[in-house]
Amino acid sequence: MKLKSWLVGLLASVSLLLLALPGQAEQNQYAIRAVLPSNQVDQETGYFDLKVSPKQEQTIYVRIKNEAATKQQYDVATNLALTGDSGTIVYNQAKPKLDKTLPFNIADTVTAPKIVTVPAKTTSKFALKLKIPAKPFDGIVLGGINVSPHEQANQKRQAGVTLQNKFAYVLGLQLREQANITVKPDLKLLKVAPRQENYRNYIAAKLHNPRSVIIHDFHVDSYVVKQGSTKKQLQTTKDKMLMAPNSTFHFDMGDGTMMLTPGTYMLHLKANSENGKYKWSFTKSL
Amino acid sequence: MKKLGFLVAIGVLSLLMPARVKAATFDSSVTNGSAGKSQATVEFTDDASQMLQLAAAPDITFPSQFADGRSRQGLQASKLTDYLTIFNNAGVSAWSVQVAASGFYNATGGELKGAQLHIAQGSMLSSNPDDNPGMLILDDILAQKVSPNATPQSIVTATNSTYREWYLYLKPSQVSLDLPETNVVAGNYSADLTWTIAATPK
């Protein structure tokens with residue numbers, strides 16, 4: 001009987017070793033800034049918004065301030081702006097699938113160092129060379145200059161650390177050939193289908209911005225109804241979203257836990273932007 | 001004489017102008033009515049302190065759990081230290097902070113499949129809440145709830161901010177973790193949280 005109690009105690013103490021989830025304190029020791037050139041449209045923004053011409057070549061600069069006591073290396077990557085599935089413009093995709101309506105991939109117009117070294121307690125700048133394509137374009141082409149600390153390939157995770165903070169910067173790089181943008185936003189519903197994300201199941205509406213302009217202040221209301229019923233299911237509303245020019249994203253409905261029973265369903269989706277200035281309405285079966 | 005006055009005016013103005021170019025050289029002609037050529041060199045310095053900086057991010061601690069195979073929904077953080085801190089000395093009016101999370105992995109590469117972090121909508125403060133509790137600023141700053149995954153999501157968005165310091169205040173109860181029902185191997189599971197400050201069109 002004593003042996004049995006001892007075994008139970010041992011097993012209990014072993015299973016306590018489990019999901020220890022401490023965090024790791026982290027302070028950031030660098031910052032970056034765009035050096036805005038004379039063809040910058042608005043000098044008050046913190047990102048590049050350049051009025052350019054076909055075939056134009058230009059060098060722009062970014063400053064990096066290293067506050068650390070040792071020299072640091074930083075990775076630099078210029079990526080096309082895309083729309084993330086939460087309705088945010090993201091700049092972290094190195095090899096994106098290009099939308100057919102995109103005038104060109106801004107990443108292909110930029111030549112820049114991949115790694116920049118900055119001495120301790122110093123501010124340095126690096127150059128990015130732009131070469132604008134010969135074919136004129138309307139609206140804007142948008143990308144981002146990403147800067148993050150360079151990580152060694154064999155860098156090991158610290159033992160016992162479970163949430164490790166990392167810091168990164170992105171500077172917008174917006175190109176236009178007209179000072180005033182007259183392109184109006186548009187929205188298309190490409191398809192609606194089940195989608196799995198992080199082991200959760202959603203019904204997703206794939207939305208498409210086919211124009212070379214950002215959809216600002218984007219609001220979506222949606223639900224599905226089973227054929228022969230009036231009950232609204234997976235009712236989902238999101239606002240304050242943004243869509244990158246010439247991009248798509250999955251508008252996920254529900255919280256990923258609710259399953260639909262077999263049958264035919266109809267999606268109802270209403271969207272608007274800029275406080276209702278532009279409105280769209282879609283229905284589609286799935 | 002007029003030329004001299006003009007040059008002096010240029011020199012004074014150059015001292016007053018906000019510097020953007022590292023160095024500029026003026027090749028000017030003459031002074032005091034005599035023929036000749038002189039060169040005036042003006043050094044423009046770029047103020048390296050004028051940066052938009054993501055200074056710190058919260059350190060999140062969760063309590064230890066038994067690996068009993070049962071799911072956990074809304075497991076609250078036990079401790080949060082530090083605040084998401086933004087120093088805006090560049091006067092950038094529109095910026096955002098995005099957060100992305102990797103999967104949770106143990107030392108041998110085993111994944112805690114389906115683990116999902118949630119961060120509720122916090123409060124934006126214009127001074128460090130440890131120094132000045134109760135200071136609450138809401139104008140033109142939008143703090144949003146997020147469930148970070150591999151794709152960055154905006155946790156804070158400023159469209160017309162004029163303040164120089166911002167702190168995102170969150171309570172431990174506002175940060176939670178969902179753990180799926182799984183045969184999880186006991187040990188430490190680690191995920192990267194990448195905080196990105198974006199000076200981009202809004």
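How many helices and strands does the secondary structure of chain A come to? Chain A has one helix and 18 strands, where helices (H or I, at least four residues) and strands (E, at least two) are DSSP runs numbered from the N terminus. The model is predicted, so local features need pLDDT of at least 70 and side-chain atom pairs count only at pLDDT 80 or more, while totals for chains, interfaces and linings use all residues. Residues are numbered from 1 along each chain as its sequence is written, and chains are lettered from A and ligands numbered from 1 in the order in which they are written.

**Chain A overall**

- Of the 286 residues in chain A, 36% are buried; a residue is buried if 20 or more other C-beta atoms, placed from the backbone, lie within 10 Å of its own.
- Among contacts in chain A between residues at least 6 apart in sequence, 76% join residues at least 24 apart; two residues are in contact if their C-beta atoms, placed from the backbone, lie within 7 Å.

**Domains of chain A**

- Chain A is divided into domain 1 (30–151 + 164–176) and domain 2 (188–285), with bounds that come from an automatic or database domain assignment.
- The C-alpha centres of domain 1 and domain 2 of chain A are 31 Å apart.
- Contacts between these domains involve 18 residues of domain 1 of chain A and 17 residues of domain 2 of chain A.
- On the domain 1 side, the elements giving two or more residues are strand 5 (82–83) and strand 10 of chain A, and strand 10 gives the most, with three residues.
- By class, that side has nine nonpolar, six polar and three charged residues; Ala, Val, Leu, Ile, Met, Phe, Trp, Tyr, Cys and Pro count as nonpolar, Asp, Glu, Lys and Arg as charged, and the others, Gly among them, as polar.

**Strand pairing in chain A**

- Strand 14 (residues 215–226) and strand 15 (residues 232–243) of chain A run antiparallel and are joined by seven bridges; two strands pair if DSSP finds at least two bridges between them.
- In this pair, A:Phe218 stands opposite A:Met241 of strand 15.
- Strands 14 and 15 of chain A form a hairpin with five residues between them, and A:Gly228 in the turn has a positive phi of about 90 degrees.
- Strand 14 of chain A also pairs with strand 17 (residues 265–273) of chain A, in the antiparallel sense and over eight bridges.
- Here A:Val220 stands opposite A:Ala271 of strand 17.

**Contact between chains A and B**

- Chain A has 52 residues in contact with 52 residues of chain B.
- Among the elements giving two or more residues to the chain A side are strand 1 (30–35), strand 3 (57–66) and strand 11 (163–176) of chain A.
- Strand 11 of chain A supplies the largest share of that side, eleven residues.
- By class, the chain A side has 23 nonpolar, 20 polar and nine charged residues.
- Nine bridges join strand 11 of chain A to strand 15 (residues 191–199) of chain B, and the two run parallel.
- A:Val170 stands opposite B:Ala198 in strand 15 of chain B.

**A sheet in chain B**

- Three strands of chain B form an open sheet in the order 5-14-9, with antiparallel pairing.
- Its edge strands, strand 5 (72–76) and strand 9 (116–119) of chain B, each pair on one side only.
- Strand 5 of chain B is joined to strand 14 (residues 175–179) of chain B by three bridges, and B:Gln76 stands opposite B:Ser176 in strand 14.

Terms used. Buried ≥ 20, exposed ≤ 12 C-beta atoms within 10 Å, placed from the backbone.
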